[in-house]
Amino acid sequence: MENQTVETLGLLQERLCLDFVNTSDEHPSQPNADYLTSYAHLLEWSVYSKTISQEQAKQLHQLAGQYPEKADEALRFAISVRETLFSVLDAAAENRQPDMTAMQAFNGILARAMSHLHMTPTSDNFCWTCVLDENDLETMIWPVVWSTAELMTSHDLHYLRECASDDCEWLFLDTSKNHSRRWCSMTSCGNRSKARTHYQRARKPN
Ligand SMILES: [Zn+2]
């Protein structure tokens, strides 16, 4: 997905962590099904999802230009984190126990993410905030990991589903009234799947 823009991915904007996991249509990811093919794409996703600001992206883009190997390393790290998050969340979506290795990896990443968390006072209590470091090429990963931890401990986890399409492994929250949503999106996977069923039916001899 070299030439695709983040706008055309059709991310669902239900949860930050799901929008990150859904940057690939399949796991483990293949280049033709993965949006994260460059550090520039990782930055575009980060701005689009409001994980970092345009100014922060500019700064990181400059830094990536100065240290291209470090930017490549950050991209590889982002992809490996994404695959770990998918492994753990997909197990939850299918009511399975997560793979122990993935769970261990997740807890390792979580410990690092938590070192970037601060407690901030609000008008009537406190909230968690993720502090971004403008000199850290991996800074956008930490809010994503924290978003995953929040989803994993929330009631919404019961509504987590994997898209029913054969060629799409997007995760979504089925908050529909009778919890019968099957596809990540009706306009992409739902219609495609319906068209295929219709085609197969039409081909059947009478
Ligand atoms: Zn789908």
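**A tour around helix α4**

Start with the pair α4 and α5, whose crossing is left-handed (the near helix is turned anticlockwise from the far one by less than a right angle). What you have open is a predicted model, where local features need pLDDT of at least 70, side-chain atom pairs count only at pLDDT 80 or more, and totals for chains, interfaces and linings use all residues. Residues are numbered from 1 along each chain as its sequence is written.

Select residues 68-93 for α4 and 100-114 for α5: their axes come within 9 Å and cross at roughly 125°. Helices here are DSSP runs (H or I, at least four residues), and strands are E runs of at least two.

Now colour V81, T84, S87 and V88 of α4, plus A102, M103, A105, F106 and I109 of α5, which make the contact (C-beta atoms, placed from the backbone, within 7 Å).

Next, pick C17, V21, V145 and L171. Of the 42 residues in the largest nonpolar core, these touch the most other members. Such a core joins buried Ala, Val, Leu, Ile, Met, Phe, Trp, Tyr and Cys residues through C-beta atoms within 7 Å; buried means 20 or more other C-beta atoms within 10 Å. The largest share, 9 residues, comes from α4.

Zoom in on C17: leaving aside neighbours within four places in sequence, C17 is in contact with L85, V144, S147, T148 and L151.

Last stop, K70 in helix α4. Is K70 buried or partly exposed? Partly exposed, because K70 has 14 other C-beta atoms within 10 Å, between the 12 or fewer of exposed and the 20 or more of buried.

Note on methods. Axes are lines fitted to C-alpha atoms, for helices over the stretch in contact, and angles run from 0 to 180 degrees between N-to-C directions. Two residues are in contact if their C-beta atoms, placed from the backbone, lie within 7 Å.
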